[in-house]
Amino acid sequence: MRLLVSDLTHRYDDLTVLDGIDLTLAEGEILAVIGPSGCGKSTLLGIAGGIVAPTSGSIRVEGEVPDGCLNPITFIFQDFALLPWRTVEDNIALVLEHHRLSTAERRERVDSGLRRMGLSEFRNALPKQLSGGMRQRVGIARALAVRPAMLLLDEPLSALDAQTRELLMDDFLELWRREKTTALYVTHNLDEALRLADRVCVLSRRPGRIRELVTIEEPRERRQEPSAQAHLAEVRDRLWHLMKAEAQMADREIARA
Amino acid sequence: MSEAMTNPYRTSLRSAADWGLVAVALPALAALALPLGSQDGAPVGWFGGTMAPLFLIGVVLAVIAGRSAPKRVWGAWAELAGVTLAWLLPFHLLEEGMDLSAGWGLWLFLVAATLLLWRVMGVLAGVPGWTRSVIVPGLFGLGLLVGWEVLVRGFQVPAILLPPPSRIAAALGANAPVLWDDFRQTVLTSVLRGYVMGCGAGFLVAILADRVPFLARGLLPLGNLASAIPVVGIAPIMVMWFGFDWQSKAAVIVVMTFFPMLINTLAGLGNSERIQLDLMRSYGAGYGRTLVKLRLPSALPFLFNGLKINSTLALIGAIVAEFFGTPVVGMGFRISTEVARMNLDIVWATIAVAALTGSGLYGALALLERLTTAWHPSMRRR
């Protein structure tokens, strides 16, 4: 599924958060969006997911929806958004409940989600009994259960510690190795962008405009190899340079306000 | 004390001796010098022909056993036996026909026994499981009842002012059929119906007000107003409107319970996290589905809060309303008429029934809450 954003602007009352965004996401592409806090990253994601209506501009999705897809555009949230009174299994089943599915199919989707995220033995646990990493795995399993065509990830690893973050990045790599799901990945962590994304979109400080779109040439599977490191370091420097300037200016503006 | 010399970690005087036990022993020793009570106007001491010395020896043995027990908890149980024995002494003396009101030796002795009980409870409260959750509160309640019984009988408080619990229990037994009829009228008829109507209406209107913002804006200030309405003002009016039977009591209860339920439900509906609402929206769930799957479950702790507050309000409302007119049955009716006839035992028995009913309702709701909201952070596992 492709995402086409053109001349998108969004205001909250007097505050312009996004200004003239033009962006195209190709089928199966993973685009990371980085930028200083308050630059409208999450708003962009909300607009893409249809839960925020933009002030002006257009946003379109095109293309085929995979077989068995129940919710083409699906979020993965920073704070997991699990319902604390539901078990792991029932949290995953939540998003299947308002679709007419046979019991067998519902069961199959829940089970395959549990299996892929290594949660089978925790199916009857409540979220409060799980670690942060496990909770996010439930969030991912829930998203996968609807067989999405596009994933919108809102800082999915920001609430986790460094090791868990590494482990979940591997999970994402495995996910994208098996399925070419288009993804918009909002983060403020450069390493996540460098490990997972095909392209990185750097947003300016508020009002968010696109500063630059950086393509990472090295294919995802080879980025751990020594030969890839020179290119990655170069991209990293470039991104950091762009981000640093914006973040510093954003900080000064906050201090002045 | 020898331990204090050999154990290098016990260096200060503060930890070297069992000062708690010393605090218990001092009043106990002082008590030995004072009389236990008087018989026919003459004071009777510890060794005045009663079995008091046997009780004393028993208590001392229990304390020694408690000190030398290999585990602190076993020691606590032995000390508890001593406390029990000490508190049985006044009953024995009353049997002997003694007047205890000037028996300062006895009262000091009981003070010492109570201090010992304090120690015991301190230890038992640290034992996880049933001991801490059931036995400790149970002992506490029993202790209050025994203390009440002994003080009232020992100081010969007139029963018209405060009867001992045993007399209330006897009145409960003797008037069981009447009390049961009152209970049926007040609780099973008025309270249950009024409670269901008041809470139900509050809940439904809250859901409506959540959907229609001006309703919430208009109703919430009214809630403050309504909570300030005195029951004794509204009750006679409701009796005039709805007659003597349960309908007027239910109406009073509805007035009292409607707003607490409304306010709690509204607060509960606002309790869903933004991100959870986003989740529901992003999966295309509409208002109804979001309400059922997300907002009502996350409102449950608030709903139970309202239900629990209302359970006691409803009982108070019904009893007070019955003061202003009722068929000749009901707990409020019983209290108002029997007070006028100076029949205080049955009044106290009715109060006991009301208190037990109120805490029973509350307890049942708390249990239900525990079962349904085990996921909530306030329900920690012990």
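Modeller: Gladly! Helices (H or I, at least four residues) and strands (E, at least two) are DSSP runs, numbered from the N terminus. This is a predicted model, where local features need pLDDT of at least 70 and side-chain atom pairs count only at pLDDT 80 or more, while totals for chains, interfaces and linings use all residues. Residues are numbered from 1 along each chain as its sequence is written, chains are lettered from A and ligands numbered from 1 in the order in which they are written, and side-chain values use heavy atoms, with hydrogens and water left out.

Biologist: Where is Asp7(A), then?

Modeller: Asp7(A) belongs to strand S1 of chain A, residues 2-12. Its phi is near 45 degrees, a positive value in a residue other than glycine.

Biologist: Why is Asp7(A) called partly exposed?

Modeller: Buried means under 20% relative accessible area and exposed over 50%, with partly exposed in between (1.4 Å probe, protein chains only). Asp7(A) has a relative accessible area of 48%, so it counts as partly exposed.

Biologist: Is Ala81(A) buried or exposed?

Modeller: The relative accessibility of Ala81(A) is 2%, so it counts as buried. Ala81(A) sits in the loop between S5 and helix H2 (88-94) of chain A, and its phi, near 50 degrees, is also a positive value in a residue other than glycine.

Biologist: What makes strand S7 of chain A mostly covered?

Modeller: Five of the five residues in S7(A), residues 182-186, are buried. Thr182(A), Leu184(A) and Val186(A) point one way, while Ala183(A) and Tyr185(A) point the other way.

Biologist: Which strands pair with S7(A)?

Modeller: Two strands pair if DSSP finds at least two bridges between them. Strand S3 (residues 30-34) of chain A has four bridges to S7(A), in the parallel sense; in one of them Leu31(A) has Leu184(A) as its partner.

Biologist: What unit do S6(A), helix H5 and S7(A) make?

Modeller: A right-handed β-α-β unit, with H5 covering residues 162-178 of chain A. Right-handed means that, with the strands pointing away from the viewer, the path from the first strand over the helix to the second runs clockwise.

Biologist: What is the order of the strands in the open sheet?

Modeller: The six strands run S5-S6-S7-S3-S8-S9 in chain A, with mixed pairing. Strands S5 (73-76) and S9 (210-215) of chain A each have a single partner strand, so they stand at the edges, with one side of each left without a neighbour in the sheet. From one strand to the next, the twist averages 15 degrees.

Biologist: Which strands does helix H1 of chain A lie across?

Modeller: H1 (residues 41-48) lies across S3, S5, S6, S7 and strand S8 (199-203) of chain A, and runs at about 155 degrees to S6(A). Helix H4 (residues 132-145) of chain A packs on the sheet too, touching S5 and S6, and its direction makes about 175 degrees with that of S5(A). Axes are lines fitted to C-alpha atoms, for helices over the stretch in contact, and angles run from 0 to 180 degrees between N-to-C directions. Contact means heavy atoms within 4.5 Å.

Biologist: What joins Arg206(A) and Pro207(A)?

Modeller: A cis peptide bond, with omega about -5 degrees. Pro207(A) lies in the loop between S8 and S9 of chain A.

Biologist: How many helices and strands does chain A have, taken as a whole?

Modeller: Chain A has seven helices and nine strands.

Biologist: And why is chain A called as compact as a globular protein of that length?

Modeller: The radius of gyration is taken over C-alpha atoms, and the globule rule is 2.2 Å times the number of residues to the power 0.38. For 257 residues the rule gives 18 Å, and chain A comes to 19 Å, which is close, so the label holds. Buried residues make up 52% of chain A.

Biologist: Last stop, chain B. Why is Ser311(B) called buried?

Modeller: Its relative accessible area is 2%, so Ser311(B) is buried. Ser311(B) is in helix H14 of chain B and, leaving aside neighbours within four places in sequence, is in contact with Tyr195(B), Leu361(B), Tyr362(B) and Leu365(B). By contrast, Ala30(B) has 36% relative accessibility and so counts as partly exposed; its place is helix H3 (residues 19-32) of chain B.
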